[in-house]
Amino acid sequence: MTMVKAKRRVNKAPWALGIDIGSAYSKAVIVRKGNDEIFYHVVASRGDFRAATKKVTEEVLKKAGINFADIASIVATGVGAASVSFSSTQVSEISCVGRGAKYLFPSAGTVIDIGDQASRVIKVDREGRPISFVVSEKCAAGSGRFLQLIARVLQVDVSEIGELSLKAGQPVTFSTNCAVFAESETISRIAEGAKKEDILAGIHRALAAKIVAMVERVGLEKDLVIAGGGAKDIGLVRSIKEAIHVDPLVPPEPQIVGSLGAWLIASATNQPEVYRTETTKGDFARRMNSQETASDFD
Amino acid sequence: MVEKSKTTAVHSSETVRKIRFFSRNIHDKANKAKAEGRPVAYCMGGCAYHEILEAMGVTSVYTEHYGGVCAAYRVSEPYLIRAESEGYANNLCGYCRNTIGFDIVRQELGHMPEDAPDGGIPAPDMLLSCSAGCDHRYKWYQATGRYWDIPTFSFDVMQIPPFDTDIKAIKPYVMKYQVEQFQRLIDFLEKLLGKKMDWDRLAYLVKRGNESLWTWYSAYLLRKHHPSPMPSEDHFSAIVPAVFDLASRETLAFYRELYGELQFKVDHNKGVLDQEKYRLLWAGGLPPWHTMAIINYFETFGAVFVMEASDYGPWPFFDVPKGMTNPLEILALRTWCQRVEYWEDAKKGCGHSRVQRILNRIEEYDIDGCMMHLTRSCRYQSLGQIHFNNLIQKYVNIPLMFMESDIVDVRDYNEADTKRRVDAFMETVDSFKRKGGRQATARR
């Protein structure tokens with residue numbers, strides 16, 4: 001499972017690893033030196049970030065055909081970044097997603113990242129660094145978790161909700177901006193006989209409205225890229241497109257954009273001095289050889 | 001056993017490190033006054049009536065101060081929950097919920113809660129509400145009054161004049177109104193306490209209060225220095241004497257000592273950090289008293305909050321006109337000067353006093369990035385922050401981040417999320433700085 005792209009070559013360093021430990025899914029990316037072939041792996045985090053880190057790293061190393069000892073630099077991002085004990089640097093999702101999106105789409109000016117815990121809108125500069133950003137409020141109604149809640153109520157697999165919502169005839173209008181209330185409102189609408197596809201289309205519109213409001217706060221600069229697990233939902237992408245009147249660019253695997261950005265930073269060619277590194281190079285080397293690290297990969 | 005991480009800030013200034021004892025002393029004085037049968041009043045900050053209370057022998061207990069102290073000790077939660085169980089909404093002011101909850105718990109126990117920081121605050125003999133700042137203040141003490149059979153007094157304080165008014169024409173009327181308000185308060189206290197105002201003492205206290213405020217103001221001008229000698233985490237402690245104990249001699253001594261320390265640091269080029277890479281402005285919102293250590297987190301990037309543009313700050317100099325001897329007029333003039341400090345600049349500039357203060361300080365303090373603390377329960381400070389940001393960007397292109405949390409309620413705070421935002425913000429600041437820093441985007 002590889003994804004090939006060849007926009008520009010940034011991997012001047014030896015092998016690097018980017019890891020994004022999200023609340024729902026963990027992702028790891030390695031890019032082959034020379035032909036920009038992207039190796040990646042995605043696993044469900046299932047609340048155990050340490051196990052997810054181990055699994056996703058093992059799998060991506062297998063796909064790249066290299067050993068852990070071949071990795072010279074690692075950057076971790078995501079809510080569980082601290083669980084990546086062998087990483088020398090933790091970087092925010094905002095920094096990583098911006099770079100990842102810019103790498104895939106050099107014309108990117110604004111990136112929407114729809115994650116499980118939060119949505120983010122990031123305006124990026126020529127290098128993919130954030131110029132301005134906004135993160136959704138501490139509320140499930142602005143994140144991918146909102147869709148999961150509703151999918152569960154409707155007894156639909158979350159991977160199906162995009163296709164299903166495209167069949168909507170009369171999208172339901174939700175009267176609330178709260179995920180908890182929307183859940184109970186969904187139940188009421190089911191009782192009233194509303195179709196699943198109409199409910200899902202209504203949910204997409206509500207979520208799109210919140211995301212577009214965030215885009216307006218930051219100020220849209222084209223091109224618009226949509227990344228994160230939420231971008232796999234074609235119904236949501238369509239709702240955003242209709243609300244914002246712009247054709248967004250969506251990567252073939254939007255979930256790995258953050259880990260790709262982490263890899264870009266790990267590859268060291270554009271790692272800014274500003275990052276706080278939790279360990280010095282010496283500490284990093286010691287950790288690489290420590291029993292703790294070894295037990296993760298033996 | 002998991003080690004408990006430090007949530008209070010590490011201070012940079014030696015003088016500011018004494019604030020914990022200063023704050024404790026304020027509450028000790030109140031508890032002693034209560035025990036000795038002297039009158040104690042619940043009060044609100046920013047009302048300019050502190051010297052009047054002192055001159056009348058009333059010991060003030062600033063309930064917002066105590067809310068901050070409870071939050072800093074991380075003991076607020078049971079009080080907040082107790083207030084919410086009485087039906088107060090969880091998005092109501094954190095100070096308000098904390099105090100109402102604390103009052104109820106103390107009343108139900110029949111004694112001070114054992115974990116009450118600073119030995120707790122005494123039950124008041126009167127409630128002195130005030131309109132300065134936010135709209136909910138009247139309702140707060142009205143609600144508090146339901147639990148006590150004690151007098152409540154509503155005191156009105158002038159607001160920033162609208163921009164379509166002739167400021168010179170309205171000034172005499174506003175001043176007259178403010179003096180009347182002070183006089184109303186004195187009448188209320190004289191009747192309640194059965195004693196007369198000591199006008200000579202009031203005049204003396206007002207004079208000392210002015211000197212404290214001006215010393216504080218002068219000290220902060222030193223923060224323009226590169227590297228800055230004092231950060232915002234110190235500022236939010238340094239406000240305590242002026243805002244909650246203005247008239248005392250200890251307050252004046254504190255600001256003189258602070259001035260001396262900052263002057264020494266400027267003279268010897270000693271900054272908060274050895275290498276000050278970025279200069280930040282605390283551009284709005286009250287601080288997260290429950291986790292002041294988050295301000296130190298910015299310093300791990302080489303960033304220092306060198307100044308604030310929030311309403312907790314030193315009041316400006318003003319000349320007391322010759323012949324103005326009535327202390328109430330001087331108090332009114334002090335309040336007027338504070339309210340109109342940025343009025344003229346704003347009228348010529350962006351049209352909004354609070355935003356103008358931010359714009360001026362960005363230039364004066366050579367700021368690389370701004371941060372606003374968005375607090376759900378403090379709508380006075382939080383409402384309009386997005387508009388403020390938009391207005392700022394019309395005049396200067398500068399990175400600005402919003403930190404979301406609360407002044408008191410730690411349940412509204414997510415440390416990991418906040419730090420991730422700070423990480424991204426600091427990269428943005430760095431990116432701007434590499435490209436030449438902030439840039440004016442319109443004629444100022």
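Me: Under 20% relative accessible area, a residue counts as buried. What share of the residues in chain B is buried?

Reply: In this predicted model, buried residues make up 61% of the 444 residues in chain B.

Me: How many aromatic pairs does the structure hold?

Reply: Rings pair if their centres lie within 6.5 Å. Over all chains, the structure holds 23 aromatic pairs. One of them joins Tyr42(B) and Tyr141(B), which are tilted, with 6.3 Å centre to centre and 40 degrees between the planes. Tyr42(B) belongs to strand 1 and Tyr141(B) to helix 6, so this pair ties together parts that are 99 residues apart in sequence.

Me: Are Tyr42(B) and Tyr141(B) buried or exposed?

Reply: Tyr42(B) is buried, with a relative accessible area of 0%, and Tyr141(B) is buried, also with 0%. A further tilted pair consists of Tyr62(B) and Phe244(B), at 5.4 Å centre to centre and 50 degrees between the planes. Tyr62(B) lies in strand 2 and Phe244(B) in helix 9, so the pair ties together parts 182 residues apart in sequence. Both Tyr62(B) and Phe244(B) are buried.

Me: Which residues form one aromatic cluster?

Reply: Phe22(B), Trp216(B), Tyr220(B), Phe254(B) and Tyr255(B) form one such cluster.

Definitions and conventions:
Residues numbered from 1 in each chain as written. Chains lettered and ligands numbered in written order. Predicted model: local features only at pLDDT ≥ 70, side-chain atom pairs only at ≥ 80, totals over all residues. Heavy atoms only, no water. Buried < 20%, exposed > 50% of the residue type's maximum accessible area, 1.4 Å probe, protein only. Phe/Tyr/Trp six-rings, centres within 6.5 Å; stacked < 30°, edge-to-face > 60°. Helix = DSSP H or I, 4+ residues; strand = E, 2+ residues; numbered from the N terminus.
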